[in-house]
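Here are a few exercises to work through with the structure open beside you. Try each task before reading its solution.

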Amino acid sequence: MNTNDALYTYCVRLADTAVILSQRFCEWCGHGPILEEDIAMSNMGLDLIGQARGFYAYAAALENKGRSEDDIAFHRNEREFTNRCMVEQPNYDFAYTMVRSFLHGAAAYLQYRELTKSGDETVSGLAAKSLKEMTYHVRHSSEWLIRLGDGTDESKVRVQNAVDDLWQFTDELFEMDEVDQMLIRNGIACDLTQLRQEWDQMVDEVFSKAGITKPAPGGFQSKGGMKGMHSEHLGHLLSEMQFLQRAYPDAKW
Amino acid sequence: MSNQHQWPAWEVFTQKTDGEAHEHAGNVHAPDAEMALLNARDVYGRRQEAVNIWVVPSSAITASTPDDVGPFFDPANDKMYRWPNYFKTPDGIKQI
């Protein structure tokens, strides 16, 4: 593996996580609890599509085999997707979507903040744009966590259930492998393990305001998304997301 | 949906560029001011329409009613002297 291959893989991982979470956000379109939230979730989904496009396009350029960003997004199978498993989990309810937006958003915020200092200009540029968006996603979702946690008996139960369910995917947000290590040595990527403490502080602050109990450490942690190991939900998501491009290759609007 | 299940309404005012007056953009529902601001950003500020947003509880606005139209506005009809162009500009003045 050379640096070019590693950077390709790194960009596809970031893009995969963004595009899958985007799909989950956009599933709320037309189903939001109120009009304003419906628009907010679609907006955030579109932010993530923008991030995914940037990183897919850069990956395609690095690969230099004539594939486009669409080819990478729509013509790969489940095992070839390298997103974090948290983002492929179904929405279940609004609390679940907001908790995920917060847990993932805080990690993505920290990662993009570090990547703005990347030695690779395209990565630092894409990170700077994404950082502004993730700043908003974190603000939006943390306000909701506080209100749901401090709201009615039902909202409190739902938000705590979502935290308890999603917690098994939190270690994976900071998982790294040889791709990361190589790019860290070259000054392109950042060390996620060093961001964990700050992430925990962000989580603790919002959970304490919201009255949410943080799950005890030591519970089961799911990993492997970056290696293509996924939950059963990703295949179903892809069948919907990729249908049009698979059924009508190169279809244009 | 009955009103008791609706969050309060907030009027949204957006400023298009620095120094310009805030203009009424529309309204949103939200449980409190912070959420109203976020909702206003998503509904009225997502296409770079604004550099600043105000949200004001709709209940804080006192409006004139349709019945006020006569007494409020009609008297201006026959008072042309309230318009500056009613007065002739002296010939010597080049700029006003």
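**Exercise 1.** Work out the handedness and the angle at which α2(A) and α5(A) cross.

*Solution.* Next, the axes, lines fitted to C-alpha atoms over the stretch in contact, come within 10 Å and cross at roughly 165° on a 0 to 180 degree scale between N-to-C directions. That makes α2(A) roughly antiparallel to α5(A), the label for angles over 145 degrees.

A word on the model: it's predicted, so local features need pLDDT of at least 70 and side-chain atom pairs 80 or more, while totals for chains, interfaces and linings use all residues. Residues are numbered from 1 along each chain as its sequence is written, with chains lettered from A and ligands numbered from 1 in the order written.

**Exercise 2.** Find which residues of α2(A) and α5(A) meet.

*Solution.* Count a contact when C-beta atoms, placed from the backbone, lie within 7 Å. From α2(A) you get A:A40, A:M44, A:D47, A:Q51, A:G54, A:F55 and A:Y58; their partners in α5(A) are A:T122, A:L126, A:S130, A:E133, A:H137 and A:H140.

**Exercise 3.** Decide whether A:G225 is buried or exposed.

*Solution.* First locate A:G225, in the loop between α8 (196-210) and α9 (233-241) of chain A. Then count: A:G225 has 26 C-beta neighbours inside 10 Å, so it's buried (20 or more; exposed is 12 or fewer, partly exposed in between). Finally, check A:R13: its C-alpha atom is 9.1 Å from that of A:G225, though 212 residues separate them along the chain.

Methods. Helix = DSSP H or I, 4+ residues; strand = E, 2+ residues; numbered from the N terminus. Parallel < 35°, antiparallel > 145°, perpendicular 65-115°, else oblique. Left-handed = near helix turned anticlockwise from the far one by under 90°. Contact = placed C-beta atoms within 7 Å.
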